[in-house]
Amino acid sequence: MSNTAQIIVNIPARSLDKPFSYNIPINLPNIQVGSRVLVPFGNRKVEGFVVGLADENPETLKPILDVLDDHPWFDSNMLATANWLSEYYLCSLGEAMRLFIPGQSGIRTQKAYQAPAETDMKRVEALLSCKPEEYRTTLTYIYERGLATLPELTKLTGNMGAIIKFFLQHKLIVHADTVSKRGKANSTIIIKLAVSREVAEQIEQTLPKSKTAQRRLLSALLDTDTQELTAAQLRSLSITLETVKRLAAQGLVTTRSVPVFRNSYAGSHQRTTEVTLTLEQSHALQLITPAIHSGIHRSFLIHGVTGSGKTLVYIKAVAEARCLDRQAIILVPEIALTSQIVARFKAEFGDDVVVMHSKLSVGERHDAWRRLQTGQAGIVIGARSALFAPVSHLGLIIIDEEHEFTYKQEETPRYHAREVALTRARLSGATVILGSATPAVETYYQALQGEHILIPMNNRVDNTPMPPVTVVDMRQELAQGRRSVISQSLQDMLTETLAKKEQAVILLNRRGYSTFVLCRECGHVLKCRHCDISLVYHAPANVLRCHYCQERHTIPDTCPKCSSRYIRYFGAGTQKVEEALTALFPSARIVRMDQDTTGGKMAHDRILSAFAAGTYDILLGTQMVAKGHDIPNVTAVGIISADTALNLPDFRAAEKTFALLTQAAGRAGRGAKAGQVVMQTYNPEHYAVTAGAAHNYQAFYQEEIVFRRQLDYPPFSNLIKITVQAGDEITVHRNANLLAIELTQSLTKTDSAIIGPFPASVNKIKDVFRVNILIKTQGLSTVTRQLSALGMASRRDLIVDIDPVNVL
Ligand SMILES: Nc1ncnc2c1ncn2[C@@H]1O[C@H](COP(=O)(O)OP(=O)(O)OP(=O)(O)O)[C@@H](O)[C@H]1O
Ligand SMILES: [Zn+2]
Ligand SMILES: [Zn+2]
């Protein structure tokens, strides 16, 4: 048996990115690779993850203090995935492993103090003699109890900070932080009869009249088949725990504690009526099912037009995996937007489904993961973090809307869920299904290369036609003297839709086009003084807000630059479009959905359900109204500014625009009623717009892939973005230039090109200046190893982003 464990401590510090050795004490024999443990570290106690076992000379090592879980949290596949993450994305192993545990840490630390090993009472007296009485009471309190926590002490007197500081300084007390396991499962009590029925019946008869509660408890226990009652049943009988204790003291009942897991989505379970699969759906399943059964990793790309019925394929595939008792992870771009898919899975699989979303408390998250870990649940649906769920019988990972950029995490570790999913599935022999009407160019290219099995679904269910799209050239609208943000065609379509009592969705592609405040005399635009970004005008509160640092600014009366009084609001924010719509259609019921209206738990879902239920006629909003929903009465979709993102200096601008237009148009006419779409644009001849209007992915892809190949952009290379940060502009540029030279020299043999340095699109955030360098390379793993060897992964002034989705 090994006596030493290699442990990664769960402390977010890059310098600690190597395992430390600890002694495994004999009273903790079930420590294994993958266990979470409590270890002494410096003068603290911290959480650690066991990553290896060995036989060393344990006498010189500190011992592990406790094990945090009954079974190792990490299985070998999870560990291997974490190792891959840290290598591929250049993060520490600790950072990668932390993704797999709910909340930040499995333990809770509370500050506490105790007497030092030796105390010289004479010295203590001398020190206290010139201090107020509260010093003496506090010290007595600590010494008498042996240990006192900070919250306990602060109740004694208000001045505790100073007192503790003084005690620590003179070594009258020492730190003794208490550590407890965090997010322990709630438990409930089960009461059981400890004597035979006959004995219990006799006692019940002979108990004095005054002991009614005890008699009631005995008779309730006798009424059950199992002679057991739960705490909940006790409550409904109004029997207190006090009564239970009395009977337990007489040896008549025993109690035991069992864990309960909170199930925040517990609800009724109603199978959808069986539907006949479409030809394309059953064809897809004919390909996918054998892969799931084989236990050999395969990946599929379902390229299915909007409304082709991909969700049902997912459900059937999950059912296959569950038949084999293997578990499934389903990723959706943003959980709040997807209550429809959650509802469908819930209806099909009931409590076998665990739903993960960011609003879960640490405790709820912990419980959800425990249900998966213990096999009480077999399916997890969630945003990208659900990928790290502790399922040890993984059979299937599904990524719905795989092209979505929310699958990329924009903080360390900067992973992309698609890449991690493919790796975890490969290590577990699991199947991956990627699904989208507008696959990422990289994914589609990989599928054509044979890396994924391509499954086209070209028709909508019931052969419902794709809605016809009218493209409106806004330059001509202006030439004809029409200045409204609503074109004539859009107005006509809405008039018709409202007359038919059908519903419309209006998308405002707001990127780079929000309401900003501009001086008409000098052209000055009001910007945030910390973030170098235009401030956005918010009508209800009548304030200006910075969308990066959230600071609010009052609107000045005069231009801060030239003192002119001609300050005006520009751009078409959703509020402005709402005003225009209300003016045109005063009796229409309009609901707006954007970041400003969507605070609070599940506010998106509430707005969407109200809209789906017919409470509103028009749903107006940004990106989020374009995605995922399936509402039969929506027959009209209007896109206010189809092309605002096209002008951004981002090589994915066309892809992002095409996907958004196609997805938005795809919301119309999904039911029995025919749909139609109006797309307003200043670039009617751009291929992203024409292909989007024609619902033609192939047309878009053929143009796009030529451009990518010509300029060697992904999928023909990998990109690495390095962001240099500094508190002042001169330093940031100097450091970036030095870094670019260093990179050019050290990457000469790696088939890489260095682009930049160039200022980040928002070149200052929260007073920190940012400059980017892009590396375009054919040899990613060689370059990442080099960057790691150069110490770039641990430099605090750098952000290294592998495969960035945002290159600006
Ligand atoms: N076999 C079937 N028979 C009848 N109706 C079906 C069938 N399969 C799916 N549907 C229905 O068709 C509609 C569209 O399906 P679904 O929402 O899965 O499309 P999708 O491919 O996910 O589209 P999108 O990419 O736009 O989200 C849904 O209302 C669904 O209930
Ligand atoms: Zn700001
Ligand atoms: Zn001015």
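Student: Which is Thr497, buried or exposed?

Tutor: Bear in mind that this is a predicted model, in which local features need pLDDT of at least 70, side-chain atom pairs count only at pLDDT 80 or more, and totals for chains, interfaces and linings use all residues. Residues are numbered from 1 along each chain as its sequence is written, while chains are lettered from A and ligands numbered from 1 in the order in which they are written. A residue is buried if 20 or more other C-beta atoms (placed from the backbone) lie within 10 Å of its own, exposed if 12 or fewer, and partly exposed in between. Thr497 has 24 C-beta neighbours inside 10 Å, so it counts as buried.

Student: And in which helix is the place of Thr497?

Tutor: Helices here are DSSP runs (H or I, at least four residues), strands are E runs of at least two, and both are numbered from the N terminus. The run you want covers residues 488-499, and that's helix α18.

Student: How many Å apart in space are Thr497 and Asp767?

Tutor: Along the sequence, these two are 270 residues apart. In space, going C-alpha to C-alpha, Thr497 and Asp767 are separated by 49 Å.

Student: On to the ligand. How many residues surround ligand 1?

Tutor: A residue is near a molecule or strand if its C-beta atom, placed from the backbone, lies within 6 Å of it. The closest ones to ligand 1 are Thr306, Gly309, Lys310, Thr311 and Val461. The count for the whole shell is 19.

Student: How many residues of that shell around ligand 1 are polar?

Tutor: Ala, Val, Leu, Ile, Met, Phe, Trp, Tyr, Cys and Pro count as nonpolar, Asp, Glu, Lys and Arg as charged, and the others, Gly among them, as polar. The shell has five nonpolar and three charged residues, and its polar residues number 11.

Student: Which helix gives the most to the shell around ligand 1?

Tutor: Look at residues 310-323. That stretch gives three residues to the shell, and its name is helix α12.

Student: How are α11 and α12 placed relative to each other?

Tutor: Axes are lines fitted to C-alpha atoms, for helices over the stretch in contact, and angles run from 0 to 180 degrees between N-to-C directions. The axes of α11 (residues 279-294) and α12 are 10 Å apart, and the helices pack at an angle of about 30°. Angles under 35 degrees count as roughly parallel, over 145 as roughly antiparallel, 65 to 115 as roughly perpendicular and the rest as oblique. That makes α11 and α12 roughly parallel.

Student: What is the phi of Glu401?

Tutor: Most residues other than glycine have a negative phi, and most peptide bonds are trans. Glu401 sits in the loop between β18 (394-400) and α15 (417-428), and its 25 C-beta neighbours inside 10 Å make it buried. Though Glu401 isn't a glycine, its phi is positive, at about 50°.

Student: Which is Asn463, buried or exposed?

Tutor: Asn463 also has a positive phi, near 55°, and belongs to the loop between β20 (453-457) and β21 (469-473). With 7 other C-beta atoms within 10 Å, Asn463 is exposed.

Student: Last one: in which strand does Pro757 lie?

Tutor: The peptide bond from Gly756 to Pro757 is cis, with omega near 5°. Pro757 itself falls within residues 752-765, which form strand β33.
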